[in-house]
Amino acid sequence: MKMQHLKQIFTFRFSIKHGALLLGFSMLFFNACVDDNNIDEVFEATPYQIEIPFGFPTKLNIPENNPMTVEGVELGRYLFYDGRLSGRNHPDSLMSCATCHRQERAFEAGVDHPDFPGGFPHGLTGLPTHHVMLPMINLVWNHSGYGWNGFLYPNNPEENLRNIEDFVRLTVMAKDEIDGDTLQTREMIQSIPGYPELFKKAFGSDKVTFVNIGKAIAQFVRTLISANSKFDKYMRGEVQLSQSELNGYVLFTTEEGADCFHCHGGFGNPLFTTHLFYNNGKDTEFTDPMDRFQISKDPMDHGAYKATTLRNIEVQGPYMHDGRFATLEEVIDFYSHDLKDSPYINPLMHHINDGGILLTPTEKEDLLNFIKTLRDDDFMTNPDFGKPGKFPDEK
Amino acid sequence: MKKLKSITILLIAGFLLASSCNKDNPQPVDNTARLTLSFYHLVDSLPIDFDTMKYVNAAGNPYLVSEIQYFISDVTLHNTDGTYHLLDAWEDIHYVDTDLYETFKYVLKDSILPGTYDSLIFTFGISEEKNQSLMFVNPPESNMFWPEYLGGGYHYLKLNGKWKDTEDIIHPYNFHMGIGQIYDPESDEITGFVQNYFKVKFHYNLEIEPGDTIFIPIDVHVDQWFENPHVFDFNVWGGDIMQKQDAMQVAKENGHNVFQKSMIIGD
């Protein structure tokens with residue numbers, strides 16, 4: 001009996017001890033399985049949701065390491081407009097993104113820019129930019145490369161040349177733009193009262209880093225969405241186009257008309273660009289060291305550049321990568337009868353041997369009237385995209 | 001005994017919990033098979049040398065090929081007993097783009113029941129029922145949209161390149177297929193639309209076993225768009241055809257010979 005009792009006690013002790021161990025072991029497995037419940041206290045900002053407009057792509061180009069947050073966008077807006085992004089505070093040395101990217105010009109310079117005659121920007125040192133500007137419209141849907149030649153693209157082996165974040169860094173450093181350095185800019189922003197708190201809210205630390213400056217500005221730029229033009233309303237069945245605009249729409253989307261849609265989109269591609277690169281017949285000789293060929297190394301990409309979005313194109317300018325045309329009328333004239341053939345011309349330019357699409361004056365007017373339906377005044381006046389009333393140190 | 005019971009319960013509970021997240025846990029046996037189509041783009045039975053004016057079509061037009069983009073849909077396996085299996089998940093409309101290597105392989109999402117199949121049929125392009133505008137909102141597929149005015153939906157095919165005319169002048173061509181239009185000869189207004197998609201059929205003797213993964217290579221003979229049964233002469237039709245139903249009809253009838261089967265590979 002005694003032995004049996006001892007055995008029972010031993011068994012009991014064994015069972016309690018090992019059962020507990022086994023249970024604990026099992027719980028470890030279980031916890032490993034649901035490790036989302038095991039997160040240490042971490043910083044969390046408020047997620048910023050991008051609403052997808054009617055007909056727009058659902059795939060967004062937002063890097064995994066820079067999720068959109070309300071706080072990040074707010075900070076980015078301040079930085080986008082703050083001339084001290086140059087790292088200097090002398091009135092003659094201020095420069096920010098908004099110095100060139102003007103909201104009223106769809107975040108392009110525009111031919112009427114007060115400091116850049118004809119819309120040809122130059123940097124703080126007076127050095128002109130290599131190409132004229134591209135607008136900042138719906139860039140969160142650009143997956144095929146930023147810049148006229150697409151040199152910043154998501155799967156670039158050069159990890160620091162992939163997205164808008166990198167554009168911010170390059171802009172600050174470029175001789176023909178801010179001509180600054182990232183350390184100087186970081187220290188300047190750190191020294192401005194109010195900014196460290198905004199960085200704390202957006203990124204969890206009041207220590208300003210240039211990486212986070214780039215991230216914040218990129219987040220703000222990704223909110224710049226234009227999707228409420230007259231054509232958008234037509235797509236949604238809210239308004240009707242005029243007869244001239246409809247005639248222009250037919251020209252825009254027919255191969256035997258002006259055939260714009262293959263590169264510039266339409267109802268089925270409301271970005272109004274494929275974001276791809278084409279030699280569109282501007283020249284016969286190609287010496288630009290920053291054309292698409294320099295990136296793709298495909299010989300057929302000599303003289304090829306990004307097809308720009310036609311959204312809000314009416315308020316932009318000058319046009320083409322080198323700004324050779326000041327008005328849309330000049331652009332339409334070019335496509336109508338001034339195309340130049342070369343071995344590199346894109347096959348989609350199938351009217352090349354006629355010199356262009358040979359539009360009549362009425363057709364040119366109709367096409368222009370349709371293109372003007374892509375103007376989105378809400379985009380150009382949206383206060384969320386505009387200059388903040390006060391900068392952080394003015395509050 | 002009670003204690004033994006407790007231990008047993010704890011052990012079972014522990015193992016249950018532990019195994020609940022074991023990704024290596026044996027899955028139920030899958031008795032179905034899988035199908036992958038691979039597309040090989042050829043001119044004169046050889047891989048295409050893009051952007052090189054080295055080819056001559058059946059009409060004697062020298063030409064080059066720059067890029068090819070097209071849709072394949074409604075892949076169906078026909079059984080020897082008369083039944084058929086439509087691999088019909090909505091996303092099983094496949095886009096092929098010669099600039100995007102990853103699109104050359106079409107891994108069908110639907111599984112296949114084992115059995116003996118004697119043919120495979122697919123649609124070149126997209127059927128009228130499925131070819132709806134804004135069905136694809138993301139690129140590259142969205143870049144294939146076919147204008148509403150011309151019938152809407154999507155291009156079935158974009159074959160772009162250049163050809164040389166009888167005076168040695170080089171012209172671009174955009175051999176694009178999609179919904180065709182009927183124009184009133186007087187007013188030039190569109191009075192109707194024509195569906196130009198077509199079915200391609202391959203005869204096989206496919207014995208598919210459970211767990212098989214079948215790879216079906218398909219040769220895409222680009223030169224056949226211009227050759228068989230109709231000789232397509234660029235000097236007659238010009239370089240752009242999406243508003244020329246007669247030319248698209250020629251393309252449609254020639255298209256049956258563009259796709260040819262190669263040797264099947266199974267695992």
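Contact here means heavy atoms within 4.5 Å. Helices (H or I, at least four residues) and strands (E, at least two) are DSSP runs, numbered from the N terminus. This is a predicted model, in which local features need pLDDT of at least 70 and side-chain atom pairs count only at pLDDT 80 or more, while totals for chains, interfaces and linings use all residues. Residues are numbered from 1 along each chain as its sequence is written, chains are lettered from A and ligands numbered from 1 in the order in which they are written, and side-chain values use heavy atoms, with hydrogens and water left out.

Q: Which helices do the buried residues of α7(A) pack against?
A: Buried means under 20% relative accessible area, exposed over 50%, and partly exposed in between (1.4 Å probe, protein chains only). In α7(A), 12 of the 13 residues are buried, so the helix is largely enclosed by the rest of the structure. Among the buried residues are A:Phe210, A:Ile213, A:Phe220 and A:Arg222. Their packing partners in chain A are α2, α3, α4 (164-173), α5 (182-191) and α6 (195-203).

Q: How many Å does helix α13 of chain A reach from its first C-alpha to its last?
A: The expected span of a helix is 1.5 Å times one less than its number of residues. Helix α13 (residues 361-372) has 12 residues, for which 16 Å is expected. The model comes close to that, with a reach of 17 Å.

Q: What covers the buried residues of α13(A)?
A: The buried residues of this helix are A:Lys364, A:Asp366, A:Leu367, A:Leu368, A:Phe370 and A:Ile371. Their cover in chain A includes α8 (230-235), α9 (243-252) and α12 (328-337).

Q: How many residue pairs are in polar contact across the interface of domain 1 of chain A and domain 2 of chain A?
A: Domain bounds come from an automatic or database domain assignment, which divides chain A into domain 1 (70-225) and domain 2 (230-379). The contact takes 32 residues from domain 1 of chain A and 27 residues from domain 2 of chain A. A polar contact is a pair of N or O atoms within 3.5 Å; within protein, one must be able to donate a hydrogen and the other to accept it, and residues adjacent in sequence count only if both atoms are side-chain atoms. With both residues at pLDDT 80 or more, the number of such pairs across this interface is 14.

Q: What area is buried between domain 1 of chain A and domain 2 of chain A?
A: Buried area is the accessible area (1.4 Å probe) that two parts lose on being put together, summed over both. The C-alpha centres of the two domains of chain A lie 27 Å apart. Carbon and sulfur atoms give 63% of the area buried between them, which is about 2400 Å².

Q: Which residue forms a salt bridge with A:Arg84?
A: A salt bridge is a side-chain nitrogen of Lys or Arg within 4 Å of a carboxyl oxygen of Asp or Glu. A:Arg84 counts as buried at 15% relative accessibility, and the closest N and O atoms of its salt bridge with A:Asp393 are 2.8 Å apart. A:Arg84 lies in the loop between α2 (70-81) and α3 (97-100) of chain A and its partner in the segment after α14 (377-381), so the pair ties together parts that are 309 residues apart in sequence.

Q: Which residues are linked with A:Asp112 in a network of salt bridges?
A: A:Asp112 is partly exposed at 41% relative accessibility. Its salt bridge with A:Arg105 has its closest N and O atoms 2.6 Å apart. The network links A:Asp112 with A:Arg102, A:Glu104 and A:Arg105.

Q: Which backbone atom lies 2.8 Å from a polar atom of the side chain of A:Thr309?
A: A:Thr309 is placed in the loop between β2 (305-306) and α12 of chain A and is buried, with a relative accessible area of 10%. The backbone nitrogen of A:Arg311 lies 3.1 Å from a polar atom of the A:Thr309 side chain. The atom at 2.8 Å is the backbone oxygen of A:Leu271.

Q: Which residues does B:Tyr40 touch, not counting residues up to four places away in sequence?
A: B:Tyr40 lies in strand β1 (residues 34-43) of chain B and is partly exposed, with a relative accessible area of 44%. The residues it touches are B:Pro217, B:Ile218, B:Asp219 and B:Val220.
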